[in-house]
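The entries below are in the order I looked things up.

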Amino acid sequence: MMAPTTDNAGPTGDPRSSRASLEALRAEIAKAVVGQDPAVTGLVVALLCRGHVLLEGVPGVAKTLLVRALAASLELDTKRVQFTPDLMPSDVTGSLVYDARTAEFSFQPGPVFTNLLLADEINRTPPKTQSSLLEAMEERQVTVDGTPRPLPDPFLVAATQNPVEYEGTYPLPEAQLDRFLLKLTVPLPSRQDEIDVLTRHAQGFNPRDLRSAGVRPVATAGDLETARAAVAKTSISPEITAYVVDICRATRESPSLTLGVSPRGATALLSTARAWAWLTGRDYVIPDDVKALALPTLRHRIQLRPEAEMEGVTPDSVINAILTHVPVPR
């Protein structure tokens, strides 16, 4: 796959055409991945907001395939890094390599220089290597030997982690979790979806060859740039802004939490609601847009009290309760 260029397909394109192209992603990815529409939508929202995604699910639910299918449908470059305890920061960002012929050091880019980086099992590598992604995610550049090197645009980190296996892992600290725009759960498929998966494999589906599955580019980086410009023009009323603030402030006052949502989290919720409003065909945000994106945008930004966790309280249940009690603007 070629790395995209945005010279001639920038925000001068038709927003309606770009929206149709991005909506077509769902059907295209469904040729390879069965029954994960919410995760697909979340990845598109993250691309529109220039954010990053944490994918949580047990092994074997097609997290890697999902990212690869998204990259193929958008004609973007993608790379995968398997995070392990011995992975070094330079294995991700790149390093200076000595060339004996020229007697000079040259920079060898790491896998982070791509459009979609799949950071597989990010919680299996020590904090030093985890933090090597922080500058890339926040500043969209990598600094080696004092020289900043910009990353391609678009750039998205899709990091995966296993929610049930904690032995030998290094949980992401709150500061790094907060850098992810969305935390998407990738559940086990329903019975019918699992039957569909097995039927496809019985008919010769090869997850390593997406072209044979019929996955084709249906959108471009130009469509994405046009869409981002249109999302930025989506209007937000003062009532919606206040509604987002009230939701986030309610998390800070919840008796079930030791850590509530920060102002950065409130900004993230406003951005994701805006992107969702545009994707659904509106040029303004309504309360339902905020509710639709509240769980994936906020669930990783709060911390439960140990006693609440022992009682079976979950981040999602706390957020749902807050959405029920915070007054909705008319």
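My notes on the structure follow, starting with the ground rules.

**Ground rules.** I am working on a predicted model, in which local features need pLDDT of at least 70 and side-chain atom pairs count only at pLDDT 80 or more, while totals for chains, interfaces and linings use all residues. Residues are numbered from 1 along each chain as its sequence is written, and side-chain values use heavy atoms, with hydrogens and water left out.

**Helix α2.** I began with α2, residues 37-48. Helices here are DSSP runs of H or I with at least four residues, strands are runs of E with at least two, and both are numbered from the N terminus. I checked the length: the 12 residues of α2 should span 16 Å at 1.5 Å a residue, and the end C-alpha atoms are 17 Å apart, which agrees. The expected span is 1.5 Å times one less than the number of residues.

I then asked how many residues of α2 are buried. The count is 10 of 12, so the helix is mostly covered. Buried means under 20% relative accessible area, exposed means over 50%, and partly exposed lies in between, with a 1.4 Å probe and protein chains only. Among the buried residues I noted Val 40, Leu 43, Val 44 and Leu 47.

**Positive phi.** Just after α2, Arg 50 takes a positive phi of about 55°. Arg 50 is not a glycine, and I placed it in the loop between α2 and β1 (53-56). Its relative accessible area is 37%, which makes Arg 50 partly exposed. I found another such case at Arg 140, again a residue that is not a glycine, with a positive phi of about 55°. Arg 140 lies in the loop between α5 (127-139) and β6 (141-144). At 21% relative accessibility, Arg 140 counts as partly exposed.

**Cis peptide.** I logged a cis peptide bond between Asp 153 and Pro 154, with omega about 5°. Pro 154 sits in the loop between β7 (147-150) and β8 (156-161).

**Salt bridges.** My search of the whole structure returned 15 salt bridges. The criterion is a side-chain nitrogen of Lys or Arg within 4 Å of a carboxyl oxygen of Asp or Glu. Side chains of opposite charge can pair when their charged atoms come close.

Which residue does the side chain of Arg 50 meet in a salt bridge? The partner is Glu 225, at 3.4 Å from N to O. The pair links distant parts of the chain, since Glu 225 is in helix α8 (residues 221-232), 175 residues from Arg 50. Glu 225 is buried, at 19% relative accessible area.

Asp 153 counts as partly exposed at 37% relative accessibility, whereas Arg 228 counts as buried at 6%. I recorded Arg 50, Asp 153, Glu 225 and Arg 228 as linked in a network of salt bridges.

A further salt bridge runs between Asp 77 and Lys 79, with the closest N and O atoms 3.0 Å apart. Asp 77 is buried at 17%, and Lys 79 is partly exposed at 33%.

**Rings.** I found 2 aromatic pairs in the structure. One of them is Phe 107 with Phe 113, edge-to-face, at 5.7 Å centre to centre and 70° between the planes. Rings of Phe, Tyr and Trp (its six-membered ring) pair if their centres lie within 6.5 Å; planes under 30 degrees apart count as stacked, over 60 as edge-to-face and the rest as tilted. Phe 107 is buried at 19% relative accessibility, and Phe 113 is buried at 17%.

I also looked for charges over rings, meaning NZ of Lys or CZ of Arg within 6 Å of the ring centre and within 35 degrees of the ring normal. The charged end of Arg 19 sits over the ring of Trp 278, 4.5 Å from its centre. The charged end of Arg 282 sits over the ring of Tyr 284, 5.7 Å from its centre.
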